[in-house]
Number of protein chains: 2
Amino acid sequence: MSLSPVLAKIDETLPEATDRLLELLRIPSISTDPAFKTDCDAAADWLVAELSSLGFDASKRSTPGHPMVVAHGDGPGLHVVFYGHYDVQPVDPLDLWDRDPFDPQIEDTPAGKVIRGRGSSDDKGQLMTFVEACRAWKAVHGSLPIKISFFFEGEEESGSPSLIPFMKENADELSADVALICDTGLFDRDTPAITTMLRGLLGEELTITGPNKDLHSGMYGGAAMNPIRVLSKVIAGLHDDQGRITLPGFYDGVPELPAEVAQQWRDLGFDSDGFLGEVGLSSPAGEADRTPLEMIWSRPTCEVNGIWGGYTGEGFKTVLPSEAHAKISFRLVGTQDPHAIRKAFRDYVRSALPADCEVSFSAHGASPAAQMSIELPAFEQARAALSDEWPKPAAYVGCGGSIPIAGYFKEYLETDAMLIGFGNDDDAIHSPNEKYDLRSFHKGIRSWARVLDALAG
Amino acid sequence: MSLSPVLAKIDETLPEATDRLLELLRIPSISTDPAFKTDCDAAADWLVAELSSLGFDASKRSTPGHPMVVAHGDGPGLHVVFYGHYDVQPVDPLDLWDRDPFDPQIEDTPAGKVIRGRGSSDDKGQLMTFVEACRAWKAVHGSLPIKISFFFEGEEESGSPSLIPFMKENADELSADVALICDTGLFDRDTPAITTMLRGLLGEELTITGPNKDLHSGMYGGAAMNPIRVLSKVIAGLHDDQGRITLPGFYDGVPELPAEVAQQWRDLGFDSDGFLGEVGLSSPAGEADRTPLEMIWSRPTCEVNGIWGGYTGEGFKTVLPSEAHAKISFRLVGTQDPHAIRKAFRDYVRSALPADCEVSFSAHGASPAAQMSIELPAFEQARAALSDEWPKPAAYVGCGGSIPIAGYFKEYLETDAMLIGFGNDDDAIHSPNEKYDLRSFHKGIRSWARVLDALAG
């Protein structure tokens with residue numbers, strides 16, 4: 001079947017495709033906040049309706065959390081399963097948004113048109129590139145080039161509690177020759193990327209308790225242990241002066257980058273100054289002997305994502321608080337074991353507590369890092385197809401973010417995953433004013449059409 | 001004039017006196033929160049009306065903040081000015097209160113009846129002990145035993161921004177032979193106390209900024225500096241392993257306790273285990289070589305009163321935040337200079353910042369510690385009067401809290417201050433479920449009647 005008319009169809013129908021994406025973006029499907037449960041459900045319904053209208057056998061599947069969407073479309077040869085997530089991050093601090101995060105619009109910017117709104121890049125805009133590629137192919141040829149299944153989840157931004165049980169229970173239905181995942185970025189504006197290394201993620205929330213109630217710092221200050229002081233010391237002790245994480249055994253399973261990969265990354269000409277400068281920084285903050293690209297693609301980290309305790313309102317209150325809290329996450333690489341690191345973290349915190357302080361923990365997800373099987377033919381086929389669409393040849397890259405699904409496809413479905421996405425570093429995902437370049441959306445759809453054509457052989 | 005009928009009158013009219021206090025407690029005069037501005041005003045009006053009804057020449061005086069209340073009543077001999085504050089602390093966390101903080105009531109407890117509600121002990125219940133003593137004296141004798149002025153402020157819990165200017169502008173009117181201040185506690189349930197050492201207070205709020213916006217910790221984690229990590233290190237560095245504060249010059253002006261005072265304090269038989277045990281603690285947290293009584297009465301401290309940054313809501317958000325904030329206060333003793341310490345703190349924080357981080361500060365009050373003139377005859381007269389009322393003799397004690405007004409009376413009005421109060425350590429001031437023992441209220445009124453009688457000679 002011919003590719004050219006499909007690409008032409010995509011170009012012609014871009015306005016309608018964009019309108020459909022805006023419709024999906026208007027649904028505030030924030031998965032981590034129970035207040036948006038019905039909106040998550042509505043987003044799943046919307047996807048089922050879209051895929052059904054394209055002739056897929058689509059259904060919403062309930063879970064103990066937000067529903068999954070599964071769809072199947074028949075075709076010859078290879079069978080791919082496409083994964084994306086319809087849930088989005090919370091929007092606070094809302095006052096830093098220039099517009100309603102769920103009233104998306106197309107904006108003209110000096111760098112071109114962008115689709116502005118929560119989820120435009122992460123991940124609704126990205127998942128719709130594949131849906132629209134299938135639509136165009138079917139519109140032109142009346143059938144799909146290969147056998148295609150869809151698998152959308154609605155809990156990716158909240159630790160995916162239902163994902164593994166669902167994949168295990170539906171392993172036969174969700175397995176395929178290759179999984180395609182669209183939740184990553186371009187290397188740069190002109191260079192498409194296939195992500196072959198993904199960091200894992202381990203989340204911990206902890207509460208340190210000192211006195212059994214809030215105290216007056218005048219009456220007790222000096223004699224009673226302040227849990228904020230203890231928490232600060234715990235956090236301060238997680239890194240040494242060289243930026244390395246101090247937990248015993250933390251670097252077990254962290255591989256050194258092979259010399260040829262290191263060389264390939266150097267050849268990419270990554271603009272470290274620009275990457276940091278974009279967010280107002282000038283010095284890389286990680287391990288002293290690593291480049292910023294290594295820090296974010298191939299080195300593990302520990303970040304405090306939130307901290308709170310005592311009086312945080314207007315004015316001043318001389319309270320000596322009973323409790324202090326933090327949310328801490330670790331990005332993992334290589335074969336680092338999230339469960340061993342969780343244990344090392346908890347042991348460290350407990351050992352750092354002075355007399356009279358107690359700590360409680362709650363776990364927020366634990367996924368190891370993932371390494372893709374680039375020796376599979378599909379990888380080189382896809383790389384060639386992407387290189388045809390974009391100004392520069394496609395690159396194999398790492399990714400600092402955690403996309404546990406890639407590892408799960410391998411572990412639970414014996415299906416190798418290929419990560420191709422079209423986001424840009426300035427998309428402000430998880431931040432106020434998230435956007436997706438209209439160019440990413442357009443060329444993303446075209447890219448998938450080319451990849452489908454290449455996989456069809 | 002005879003004291004006995006005054007004491008009898010106090011005993012007889014306790015129910016009415018208690019009702020008046022409950023009325024004042026119902027006014028939510030939280031001075032630090034602008035939402036309660038009209039309530040602060042209403043509390044001032046209430047006091048003016050009460051004092052006027054007792055024949056005092058009372059008026060509300062406006063300031064750039066909350067109003068002052070000033071009143072004068074003529075009498076023979078000595079002139080005293082009585083100070084108290086009608087504003088109260090905020091009430092959060094509200095969910096830890098067993099009842100509405102501003103719907104006070106008398107409760108039966110195993111330890112006796114208590115007046116439950118915000119401000120019952122700090123300071124509305126205390127200031128009303130003196131008002132009621134004057135009322136009873138006047139009811140019995142038709143006149144006051146000495147010349148008495150009142151001076152109430154409404155900004156004590158929010159740094160007293162208007163206090164010094166007001167005292168300077170009205171120095172002649174507010175000066176007296178002795179100032180009486182009722183904002184402190186008993187030494188223990190049976191031992192009244194005259195507080196002769198007060199810690200000073202210095203408040204600082206700081207914001208550390210790293211990246212210019214909230215980032216995705218997957219995309220930037222490792223390469224971008226996390227301001228929570230920086231803030232934690234700043235806080236952790238404020239104390240050494242022995243619990244001493246590390247700011248250069250911090251201990252300049254901190255006196256060693258004279259041997260005789262140290263002995264007197266040891267003789268008080270302070271129950272350190274009980275003091276800490278009451279709030280769920282067992283080990284003193286301050287300087288390693290000090291007793292808990294020294295820690296809270298005669299040693300300086302540094303406490304974090306509040307901390308916040310990043311995502312603090314339900315669930316998890318892998319944000320690398322742009323800002324982290326803390327409210328920090330120092331309790332000062334001896335001749336420590338609050339301004340020098342503020343500078344040392346800011347210099348320390350700036351020197352601890354890594355490249356790319358910035359800090360901004362805002363000041364919340366700066367008052368030095370105060371030492372009373374116990375050689376004045378009024379001190380021994382009052383001590384004898386208090387010893388007559390309570391089961392055990394009155395003691396000269398220190399106080400961990402900061403009552404800057406005592407120093408201001410000396411500095412701006414050349415008036416020596418005497419601090420006498422009837423609070424208990426378990427009053428939960430600044431905390432949920434604040435209370436004032438009905439016994440403190442009753443014997444407090446009787447104590448002031450005795451002190452007035454003693455001062456009248």
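Across the interface of chain A and chain B of this predicted model, 39 residue pairs are found in polar contact, both residues of each pair having pLDDT 80 or more. On the side of chain A that touches chain B, the largest share, 9 residues, belongs to strand β11 (residues 301-310) of chain A. By residue type, that side of chain A comprises 35 nonpolar, 33 polar and 18 charged residues.

**Extent of the interface**

The size of an interface is often expressed as the accessible area that is lost when the parts come together. Between chain A and chain B the buried area is about 7700 Å², and carbon and sulfur atoms account for 55% of it. Three residues, Arg229(A), Phe316(A) and Lys317(A), provide 10% of the area that chain A buries against chain B, which is more than any other three residues supply. In terms of residues, 86 of chain A are in contact with 86 of chain B.

**Pairing of strands between the chains**

Strand β11 of chain A is joined to strand β11 (residues 301-310) of chain B by 5 bridges, and the two strands run antiparallel. Within this pairing, Ile307(A) is placed opposite Gly309(B) of β11(B).

**Relation of the two chains**

How is chain A related to chain B?

**Salt bridges**

Side chains of opposite charge can pair when their charged atoms come close. Over all chains the structure contains 64 salt bridges, and 2 are found across the interface of chain A and chain B. Two examples are set out below.

| Salt bridge | N to O distance |
|---|---|
| Lys213(A) and Glu278(B) | 4.0 Å |
| Arg118(A) and Glu434(A) | 2.8 Å |

Arg118(A) is in the loop between β5 (112-116) and α4 (124-141), while Glu434(A) is in the loop between β17 (416-420) and β18 (435-437), so the pair ties together parts that lie 316 residues apart in sequence. The salt bridge of Lys213(A) with Glu278(B), by contrast, links chain A to chain B.

**Backbone features**

Most peptide bonds are trans, and most residues other than glycine have a negative phi. In chain A, the peptide bond from Asp92(A) to Pro93(A) is cis, with omega near 0°. Pro93(A) is located in the loop between β3 (79-85) and β4 (105-109) of chain A. In chain B, the bond from Asp92(B) to Pro93(B) is likewise cis, with omega near 0°, and Pro93(B) is located in the loop between β3 (79-85) and β4 (105-109) of chain B.

What is the phi of Ala428(B)? Its value is near 55°, which is positive in a residue other than glycine. Ala428(B) belongs to the loop between β17 (416-420) and β18 (435-437) of chain B.

Key
Residues numbered from 1 in each chain as written. Chains lettered and ligands numbered in written order. Predicted model: local features only at pLDDT ≥ 70, side-chain atom pairs only at ≥ 80, totals over all residues. Heavy atoms only, no water. Contact = heavy atoms within 4.5 Å. Buried area = accessible area lost by both parts, 1.4 Å probe. Salt bridge = Lys/Arg side-chain N within 4 Å of Asp/Glu carboxyl O. Polar contact = N/O pair within 3.5 Å; in protein donor to acceptor, adjacent residues only side chain to side chain. Helix = DSSP H or I, 4+ residues; strand = E, 2+ residues; numbered from the N terminus. Nonpolar A, V, L, I, M, F, W, Y, C, P; charged D, E, K, R; others polar. Pairing = 2+ DSSP bridges.
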